[in-house]
Amino acid sequence: MSERQEEFIEQEGALLYAVLWGGAQAGRTPVVLLHDSLGAVALWRDFPARLAQATGLPVIAYDRAGFGRSTARSEALSPDFIAAEAHGSLQAVLQHFGVAQAVLFGHSVGGGMAVSAAAQMPQRVLAVITESAQAFVEERTLEGIRDARASFADQDQLARLAKYHGNDPQQARWVLSAWIDTWLSPSFAQWSLAPMLARLTCPVLALHGDQDEYGTLAHPRMIAGLPCAFPGQGQFQVLAQCGHVPHREQPDQVLVAVKDFLLRLGIL
């Protein structure tokens, strides 16, 4: 397995937890992973190590502020939190590891963050890979969130979530609220990735399961159908019989898709 290096990074008086795999590949373009709405480094499980091994590239994953082993938060997320990540935790992580250019791989809301960061930092992002990303607020997404809200009324479910967020039920409740209350808020209803897609200048690959409970195939089609800066800039791949977490449900297929994409771009 790939070499694993843990770091705590200072950001505005708080700490961000990050892990680097494959650090021996210094000088090569890293892949930076951006997690989903309930995510943390630990929930990527063995995927980062397998990605580093399959591509020969360093892989960095981090817990966003308030998530995982990063310092807990209490304030509500702002409606622009997806675009703001480019100049928040992500910027601190890139600076800490001395990353001049990266490939961004985002799962679910992390995919929207990856696109937004690439649009705002075109000189620093060579390519974007989204997995199960949302491009707008769809009723199917909201239905899935309402179902999740009901399931987390079970305290056992909350306790399981807390294991990945500081072993702290209060932090787990903040993580839940940051997802559920933000997405169900009327102030977020008109959110769309369209303005960022219009500014995107790097290649993007959108991966999506055909049974994703949080979004239809309208999302990867929109991401791949961005106003292209060059032919073939956007592409998408549908994973058959796959739900919202392809890197856990079909890791081999995801690794092959990522490797093929980066090979075509000459990054590998």
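Helices (H or I, at least four residues) and strands (E, at least two) are DSSP runs, numbered here from the N terminus. The model is predicted, so that local features need pLDDT of at least 70 and side-chain atom pairs count only at pLDDT 80 or more, whereas totals for chains, interfaces and linings use all residues. Residues are numbered from 1 along each chain as its sequence is written, and side-chain values use heavy atoms, with hydrogens and water left out.

The nonpolar cores were examined first. A nonpolar core is a set of buried Ala, Val, Leu, Ile, Met, Phe, Trp, Tyr and Cys residues joined through side-chain atoms within 4.5 Å; buried denotes under 20% relative accessible area, exposed over 50%, and partly exposed the range in between, with a 1.4 Å probe and protein chains only. The largest such core comprises 62 residues, of which Leu90, Leu104, Trp179 and Trp183 touch the most other members. Helix 7 (residues 169-184) gives the most to this core, namely 8 residues. A second, separate core has 29 residues, including Phe47, Ala49, Val59 and Leu255. In soluble globular proteins, nonpolar side chains tend to be buried together.

Helix 3 (residues 89-96) has 6 of its 8 residues buried, and is therefore largely enclosed by the rest of the structure. These buried residues are Ser89, Leu90, Gln91, Ala92, Val93 and Leu94. They pack against strand 1 (4-11), strand 2 (14-21), strand 3 (31-34), strand 4 (59-62), strand 5 (102-107) and helix 4 (109-120), where contact means heavy atoms within 4.5 Å. Helix 3 is followed by Gly98, which has a positive phi, near 65 degrees.

Aromatic pairs were assigned to rings of Phe, Tyr and Trp (its six-membered ring) whose centres lie within 6.5 Å; planes under 30 degrees apart count as stacked, over 60 as edge-to-face and the rest as tilted. The whole structure contains 10 aromatic pairs. In one of them, Trp44 and Phe105 are arranged edge-to-face, at 6.0 Å centre to centre and with 75 degrees between the planes. This pair links distant parts of the chain, 61 residues apart, with Trp44 in the loop between strand 3 and helix 1 (47-55) and Phe105 in strand 5. Trp44 is buried, with a relative accessible area of 3%, and Phe105 is buried at 0% relative accessibility. Trp183 and Trp191 also form an edge-to-face pair, with 5.7 Å centre to centre and 70 degrees between the planes. Both Trp183 and Trp191 are buried, and together with Phe81 and Phe188 they form one aromatic cluster. Beyond its neighbours within four places in sequence, Trp183 is in contact with residues including Ser37, Gln134, Thr141 and Ile145.

Ser37 is located in the loop between strand 3 and helix 1 and counts as buried, at 10% relative accessibility. Not counting residues up to four places away in sequence, Ser37 touches Arg64, Phe67, Val109, Val175, Trp179 and Trp183.

Grid points are joined across faces, edges and corners, and a volume is the space filled by probe spheres set on the points. The count comes to 1 cavity of 30 Å³ or more. The largest cavity has a volume of about 40 Å³ and is lined by Ser37, Arg64, Phe67, Leu77, Phe81, Val109, Ala178 and Trp179. Its lining divides into 6 nonpolar, 1 polar and 1 charged residue, with Ala, Val, Leu, Ile, Met, Phe, Trp, Tyr, Cys and Pro counted as nonpolar, Asp, Glu, Lys and Arg as charged, and the others, Gly among them, as polar.

The largest pocket has a volume of about 710 Å³. Of its 31 lining residues, Asp36, Leu38, Leu43, Phe152 and Arg248 lie nearest its centre. The largest share of this lining, 4 residues, comes from helix 5, and by class the lining has 13 nonpolar, 12 polar and 6 charged residues. The second largest pocket holds about 380 Å³ of space. Its lining consists of 21 residues, with Ala65, Arg73, Glu85, Gly88 and Ser89 the closest to its centre. Strand 2 and helix 2 (81-84) each supply at least two residues of this lining, and the largest share, 3 residues, comes from strand 2.

Terms used. 1 Å grid on protein atoms, 1.4 Å probe; cavity = no way out; pocket = protein on both sides within 12 Å on 5 of 7 lines; lining within 4 Å.
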